[in-house]
Amino acid sequence: MSKKYWDEKFETMPENQMKAFQVEKLKETLQWVYDRIPFYKRAFDERKLKPQDFQKLEDLAKFPFTVKTDLRDNYPFGLCAVPISEVVRIHASSGTTGKPITGPYTQDDLEQWTECMARGLWAQEVRPDSILQNAYGMGLFTGGLGFLQGAMRVGCAVVPSGAGMTERQIMLIQDFGTTALCCTPSYCLTIIEKAENMGVDLKASSLKTGHFGAEPWTVEMRDEIERRGGIHAYEHYGLTELMGPGVSFTCEHYNIHINEDHVYPEIIDPDTLEPVDLGQEGELVFTAVQRRAMPMIRYRTRDICTLRREKCACGRTLVTMDKILGRSDDMMIISGVNVFPSQIESVLMEFGELEPIYQIRLGKKGYIDSITVETEGKPALYASGKEKIAELAKQISAKIQAVIGIHVPVSILDQGAIERSIGKAKRVIDERPK
Ligand code: DLL
């Protein structure tokens, strides 16, 4: 019988032991960054803090945050604690504006990352006899190589198909007998839609599991992928600054467990910057527990989330996080109401006539911000005539108003009008003059 956990010791460690482990490792990490990274020495000194002021987990709240601009200001290696001779890999985030965020790894960092990925994939039914098609972007993006390493550690057959060339992805699934598909959820939907158009029924294929992440997606979107793809849709979460994917993963009960022996999570109120309790929503902050090349201290992710410590039926004791509601950068303020794209996505997904594809267009009419939601229908909708389409658009708009409290016009565009995603879907198009 195959083992239940990849790393039983850490995955099922009692909370008090895990806390003791984190304290010991974090003491070392705080000393490590203080001694080796001038940015952290300065930041600690300014607050009259020494690494020794950290003796218990609550003490971490005294230490300063690290934010994205700190990484930009110290680009490319200003926050690196080791000489380049000890760095064996450098990843970078895509970064839509300006310079990217760098993610250097020592050999040991790479090893830790690989183990975190193997843990997640193992929890998600990947086994040595699996055939895993890795359709995350291969390259600077941490998705492709992160999944490759974890899957190789598990010992399954990896097909590094990379992102894009969707017809070929479908051919590989069919010809190779792929059992596990790794990509962004939006790209999975692109693959599903293309397969349907090609007359290929993925539900009848060898595909059993999906390992999705790198972008926010709602439970409703997950249900749609499971239904149309005939797979169990698992999730991974992570960011370049902390290691890439591998920060957390879902178990069979859809709970997202954080690898807290590697990343110590906190939730803060983004306005007061004070820590908030378990079960309360706020901004996710992570501290690297044992990385060595570029350990982040209290890194503000901008991801809005809730942490929970509830008994999970899978037996893992690792703390769980809710699905990410969205990035605070993506939060829109419309007529004074805070709205995340995921809230609009949840409403759209209730309408079976629609393809799970949408974008939110922000503009300005005079001094007033305007917003439109654009989506597409399934083929049957277009056959039902223009009036039906217009009627449906009104219904959706009314439902959005009922849920988020503001009027948002909805346009159902022609089939194929919205660009299909092969990586992270762009949900918000901001056309407001800067
Ligand atoms: O997206 C790492 C990754 C690759 C995660 C593959 C999972 C799978 P970055 O490009 O640095 O790294 O982007 C990190 O993506 O702060 C979140 O805003 C978002 N994100 C990542 N995973 C999820 C997820 C990778 N499961 C940023 N749900 C993060 C929601 C996610 N958002």
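I will start with Glu193, whose place is in helix α8, residues 185-198, where helices (H or I, at least four residues) and strands (E, at least two) are DSSP runs numbered from the N terminus. Please keep in mind that this is a predicted model, in which local features need pLDDT of at least 70 and side-chain atom pairs count only at pLDDT 80 or more, while totals for chains, interfaces and linings use all residues. Residues are numbered from 1 along each chain as its sequence is written, and side-chain values use heavy atoms, with hydrogens and water left out.

Is Glu193 buried or exposed? Glu193 is buried, with a relative accessible area of 11%; buried means under 20%, exposed over 50%, and partly exposed in between, with a 1.4 Å probe and protein chains only. Its side chain is joined to that of Arg420 by a polar contact of 2.7 Å, that is, a pair of N or O atoms within 3.5 Å, where within protein one must be able to donate a hydrogen and the other to accept it, and residues adjacent in sequence count only if both atoms are side-chain atoms. Neighbours within four places in sequence aside, Glu193 is in contact with Arg228, Glu355, Ile357 and Arg420, contact being heavy atoms within 4.5 Å.

Finally, the ligand. It is surrounded by 20 residues, of which the closest are Glu235, His236, Thr240, Asp303 and Lys424, a residue being near if one of its heavy atoms lies within 4 Å. A polar backbone atom of His236 is 2.7 Å from a nitrogen atom of the ligand, and a polar side-chain atom of Asp303 lies 2.6 Å from a ligand oxygen atom. Taken alone, the ligand exposes 610 Å², and the protein buries 95% of that, with areas from the Shrake-Rupley method and a 1.4 Å probe; for residues, only the protein chains shown count as cover. Strand β7 gives the most to the shell, with 5 residues.
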